Amino acid sequence: MATTLTREQTRTRVKPAVIDGDIHNDLPSPQALLPFLPAEWRDYHARFGTFGYSATAYPRINPNAARHDAWPPGGGNPGSSLTFMREQLLDAWNIEYGILNCLIGAGARRLDQSAAVAQAINEWQVATWLDPEPRLRASLVVPYEDGQLAAAEIDRAARDRRFVQVLLIARTAEPLGRRKYWPLYEAAVRNDLPIGIHFGGSGGFPFTGAGRPSYYIEDHAGMAQAFQSQVVSLVCEGVFEQFPTLKIVMIEGGFAWLPPLMWRLDAAYGRLRAETPHLKRLPSEYIREHFWITTQPMEEPTKPAQFHQLLDQLGMSDRLIFATDYPHWDFDAPDQAFPVRLDPDLERRIMADNAKGLYKF
Amino acid sequence: MLVPSGEAIAVAAPGALIDCDVHNAVPSVEALFPYLPRYWVEHVQQSVFKGAGSTYYPPNAPVTARPGSIPPDGPPGSSLVLLRDQVLDPLGVEVAILNCLYAIDSLRNPEAAVAFASAVNDWQIAEWLDREPRLRGSIVVPPQLPELAAREIDRVGDHPGFVQVLLPARSEHPYGSRLFRPLWEAIDRRKLVAGIHFGGAPGNPPFPSGWPSHYFEEYAGMAQVFQSQLASIVSEGVLDLFPTTRIALLESGFTWLPAFMWRFDKEWRNLRQLVPWVKRAPSAYIREHVRLTVQPLDSPPTTEELLTTIEELGSDDLLLFATDYPHRHRADPARDLLPYLPETLARKIRHENARALYGLTVVAG
């Protein structure tokens, strides 16, 4: 049995308070959602259940993609017990605020089912997480493959300001700049909420532009490419001209790929701008204005100096938000996440201040 | 900022430049008639089928043709005379590698795919390789049919003019997949380079989330497709199975490579038990087996950042000079890159790395 780090073991390692931009809460069991679903969808779940896109069944390593020590002692999935999350994360690492990104239910093929489940998840988040724990905030789960239904859920639920973000996923059924998603962005702007795009998902297409890879390591590493195509799409479709106050947070995508992507986009814009007359500025300008990035999984350059070079090339040190990805196996601990020692001022911004500014804590 | 060394590529000594990405285009389907079986000639004459597209670029896009590269009687890249006048002679090119982008991968009819691939290769031999000793060629294959692609490689692979097999970056399945074992075996058997080139028409979308609206997006996004191909080839153990395999990424850009290697190495440290045959960090395989052309340069705003990125590649052996003629990009490596490099590295990029990759002999003097 793996050792569990307790508050006593870890608190001496942590100094100031931290804001965690990526925590995953889960249902203890599928039945736990039923009280929050309308009767007709309870009935549907009993008779059919949920189905999404197939062809994602890679042999992996960790059950539920979780740390070995993150299974609650009282049972249930990792991330399903608030008591254990307090002990293992919030108290142990002195988390001042943590953002819950619940990865359940919004990608069903039936869009009306997706909408019902999203609403139920959000109500479950309020009752089970936000009401009992003042340090927690949550992302709104929305039926993102239908812009109108997603907008309706945003307008309904965003009145509770403990929802601080709208959650999308890196692999969608169309590139995220496409117009079907625009009502969702309009609602996010109307409610003054950033959009978080999180690692994962499947829109039914092969996971890479080169077809379906064979191994989970390609799936996992390939998420960086999924994020890059979403950035390309959001910029090139003119989403930021249409919604000049829209804010996007890329969660669990890494960021070392972003400087070369900005270079490539700017270089291509020099030759191909006639195709996108709706763009008024360089792609990199839209990116630096509209994007935030969470840190986990942190890229680890060969030499420490290259990490500093990366931050310089990125030019977005006021946009980096620390994240642990608790309770997943690739958890980044607040005192060990960075491959280099950062300037204390920069470290404070990444560990807390940038998130405070974005989420208005 | 480094100071330019003052040595411009145009005045480089003769024999000091190898251009690893030049495009020869099939001027029209009729040009293939002498090399096609009579069945397909008649079919083209009698039906709406006119073969595959001659390039993966949109025909009228500003990247497709540089000024003066369109001959009166065909698409850009279809004239050997113009290639001599615009590239080989003025730059003093010792050897140029032809990459014919005829879109065999878009032909779903397997007999057509094989017949047109063979015709294009015989056309390349007769009208390019046999006529111009400075040219080397890439074998066009139907990658969607690996067994038949291997047969085509064996059919023409011993012609001394062919040094490479051309694989479009976008594919129906990633090239590491074991579906492609016959293809890798043939490449290995004939001691050819696997040249993975920008583009492709496999039918599945270029993004993990489907089809983007603009060519601009597909162009910028092609770097991610190359990344996925490298992830596949390393993860599937192709380079362990064929330890002398050489791969050239053509028109891929290269500034994305350091960040990709950092991420992929980290993934391997965490998940290597899923791919136990991958014995070393992915970056070690990539530095040993993979080379990349310098066009498009995708250059950062400052030369200093560009040089930092080149240093982060971690090897002087990776980059290959290329003009990508007749395509047109914003930056020109001869103007924007080579003059800023130390002479030893510039020399490697101009010709030494390509010479080693393609096994080209040194011209005396």
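In this predicted model, the rule finds four salt bridges across the interface of chain A and chain B. In one of them, the side chains of A:E300 and B:R269 meet at 2.7 Å, N to O. Polar contacts between chain A and chain B number 25 residue pairs, both residues at pLDDT 80 or more.

Which helices of chain A each supply at least two residues of the side that touches chain B? They are α7 (216-221), α8 (223-236), α10 (258-272) and α12 (304-314). The largest share, 12 residues, comes from α10(A). By type, this side of chain A divides into 36 nonpolar, 20 polar and 13 charged residues.

The contact takes 69 residues from chain A and 68 residues from chain B. About 5800 Å² is buried between the two chains, and carbon and sulfur atoms give 61% of that area. On the chain A side, A:I217, A:R264 and A:R271 lose the most area to chain B, together 15% of what that side buries.

Over all chains, the structure holds 27 aromatic pairs.

| Pair | Centre to centre | Angle between planes |
|---|---|---|
| B:W40 and B:F116 | 6.1 Å | 70° |
| B:W123 and B:W128 | 5.9 Å | 70° |

B:W40 lies in helix α1 (residues 38-46) of chain B and B:F116 in helix α3 (residues 110-129), so their pair ties together parts that are 76 residues apart in sequence. Both B:W40 and B:F116 are buried. B:W123 is buried, at a relative accessible area of 2%. B:W128 is buried, with a value of 2%.

How values were computed:
Residues are numbered from 1 along each chain as its sequence is written. Chains are lettered from A and ligands numbered from 1 in the order in which they are written. Side-chain values use heavy atoms; hydrogens and water are left out. Contact means heavy atoms within 4.5 Å. Buried area is the accessible area (1.4 Å probe) that two parts lose on being put together, summed over both. A polar contact is a pair of N or O atoms within 3.5 Å; within protein, one must be able to donate a hydrogen and the other to accept it, and residues adjacent in sequence count only if both atoms are side-chain atoms. Helices (H or I, at least four residues) and strands (E, at least two) are DSSP runs, numbered from the N terminus. Ala, Val, Leu, Ile, Met, Phe, Trp, Tyr, Cys and Pro count as nonpolar, Asp, Glu, Lys and Arg as charged, and the others, Gly among them, as polar. Rings of Phe, Tyr and Trp (its six-membered ring) pair if their centres lie within 6.5 Å; planes under 30 degrees apart count as stacked, over 60 as edge-to-face and the rest as tilted. Buried means under 20% relative accessible area, exposed over 50%, partly exposed in between (1.4 Å probe, protein chains only).
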